[in-house]
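The exercises below go through one protein structure, each with a worked solution. Look at the sequence and the model before reading the solutions.

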Amino acid sequence: MSSKTDTQLYLICLLVFLCPSVESEAQLQMGFYGTSCGMAEFIVKDEVRKGFIRDKGVAPGLVRLHFHDCFVRGLNGCDGSVLIDSTPSNSAEKDSPANNPSLRGFEVIDKAKARLEAVCKGVVSCADIVAFAARDSVEITGGLGYDVPAGRRDGRISLSSEASTNLPPPTFTVDQLTQFFSKKGLTQDEMVTLSGAHTIGRSHCSSFINRLYNFSGTSGQDPTLDSRYAARLKTMCPEGSTDPNQVVPMNPSSTSITDEDYYVDVLRNRGLFTSDQTLLTDTATANQVRQNARNPFLWKTKFASAMVKMGQLGVVTGDAGEIRANCRVINS
């Protein structure tokens with residue numbers, strides 16, 4: 001048997017092993033809208049495509065939107081609560097310092113929802129739209145497409161305080177990340193795999209500027225950061241700047257392509273966040289970084305599976321929650 005055939009069989013087995021079973025996750029179903037709104041996934045994909053044409057930053061924004069939706073709200077994870085607007089009496093998730101001003105892609109969700117309400121009123125949840133849009137964003141940037149089990153309902157609670165305590169900050173160490181993801185039901189390998197989402201998108205300087213100046217109370221920079229890369233970052237994020245709009249690409253060599261370059265950069269000490277570079281400080285996670293850098297297709301396969309699993313965290317299903325008419329506003 002050829003090595004190519006061996007590899008293909010291995011990857012097939014990997015997909016079977018890693019992808020959550022539809023039967024075991026009875027609350028969500030593949031093709032959930034097949035009879036109730038057959039065009040649902042096509043409409044979302046079309047809006048993602050149009051949004052990406054207008055602004056390539058939309059794709060990483062939508063992937064991040066899904067992550068931030070699923071990780072907040074404790075037992076009710078992927079419930080579209082990240083989309084709800086604040087009111088005079090409540091500060092919502094999207095206005096938490098962990099989300100504002102960095103979250104993007106809300107307008108794509110709004111446009112998809114408006115089209116869906118026009119053809120399938122009250123059928124497709126905002127939470128499912130976010131999950132579909134994240135998948136489509138991975139695919140449009142060069143990642144593997146994957147089937148998304150659907151049937152999520154929309155939550156009715158969105159609290160800024162919950163976002164601040166349920167999202168991992170960019171300063172986390174590998175041990176903190178491992179524990180954090182474990183509490184969400186995700187393994188260390190899945191944590192390293194999902195970290196690869198940083199291969200696309202951008203970051204505000206405030207998320208990593210502590211690595212450039214006065215690191216750990218010294219006058220220098222983080223010694224684990226490549227000096228030439230640090231010098232480049234300093235030109236884009238000058239010391240003392242208070243401009244909240246200063247951003248840099250997460251992965252300079254391929255800002256709009258879902259590929260293995262994130263792991264290549266980490267191996268070169270060019271991980272942007274502390275939480276990126278820390279993956280080399282543990283033997284197991286460092287081995288996973290090297291494996292992902294060497295085998296792009298294997299990483300893309302694992303990433304698709306991890307996204308499916310993450311998309312099932314604490315979902316609201318059945319008669320719980322609601323189907324919002326406007327993703328920004330709880331039904332009255």
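**Exercise 1. State how confident the prediction is.**

The mean pLDDT of the protein is 91, and 92% of its residues reach 70 or more; pLDDT is the predictor's confidence in each residue, from 0 to 100. Over residues 1-26 the pLDDT is below 50, and beyond near neighbours in sequence this stretch has 23 contacts in the model, a contact being heavy atoms within 4.5 Å. This is a predicted model, in which local features need pLDDT of at least 70 and side-chain atom pairs count only at pLDDT 80 or more, while totals for chains, interfaces and linings use all residues. Residues are numbered from 1 along each chain as its sequence is written, and side-chain values use heavy atoms, with hydrogens and water left out.

**Exercise 2. Describe the overall fold and its dimensions.**

Step 1: take the secondary structure. The protein has 13 helices and 2 strands; these are DSSP runs numbered from the N terminus, with helices (H or I) of at least four residues and strands (E) of at least two.

Step 2: compare the radius of gyration with the globule rule. The radius is taken over C-alpha atoms, and the rule is 2.2 Å times the number of residues to the power 0.38. A compact globule of 332 residues would have a radius near 20 Å, and the protein agrees because its value is 20 Å.

Step 3: Along the principal axes, the C-alpha atoms fill roughly 65 × 60 × 35 Å.

Step 4: look at the contacts. Of those between residues at least 6 apart in sequence, 75% join residues at least 24 apart.

**Exercise 3. Work out how Asn269 is placed.**

Step 1: locate the residue. Asn269 lies in the loop between helix 10 (261-267) and helix 11 (274-277).

Step 2: classify its exposure. Buried means under 20% relative accessible area, exposed over 50%, and partly exposed in between (1.4 Å probe, protein chains only). Asn269 has 32% relative accessibility, so it counts as partly exposed.

Step 3: list its contacts. Leaving aside neighbours within four places in sequence, Asn269 is in contact with Thr224, Leu225, Asp226, Gln277 and Leu280.

Step 4: check the backbone. Phi of Asn269 is near 60°, a positive value in a residue other than glycine.

**Exercise 4. Which backbone features stand out at Asn214 and Pro101?**

Step 1: Most residues other than glycine have a negative phi, and most peptide bonds are trans.

Step 2: take Asn214. Its phi is near 50°, a positive value. Asn214 sits in the loop between strand 1 (202-204) and helix 9 (227-236), and counts as partly exposed because its relative accessibility is 46%.

Step 3: take Pro101. A cis peptide bond joins Asn100 and Pro101, with omega about 15°. Pro101 is found in the loop between helix 3 (58-71) and helix 4 (106-119).

**Exercise 5. Is Gly318 buried or exposed?**

Step 1: locate the residue. Gly318 is in the segment after helix 13 (296-310).

Step 2: apply the cut-off. Gly318 has 52% relative accessibility and therefore counts as exposed.

Step 3: compare with the whole chain. Buried residues make up 49% of the 332 residues in the protein.
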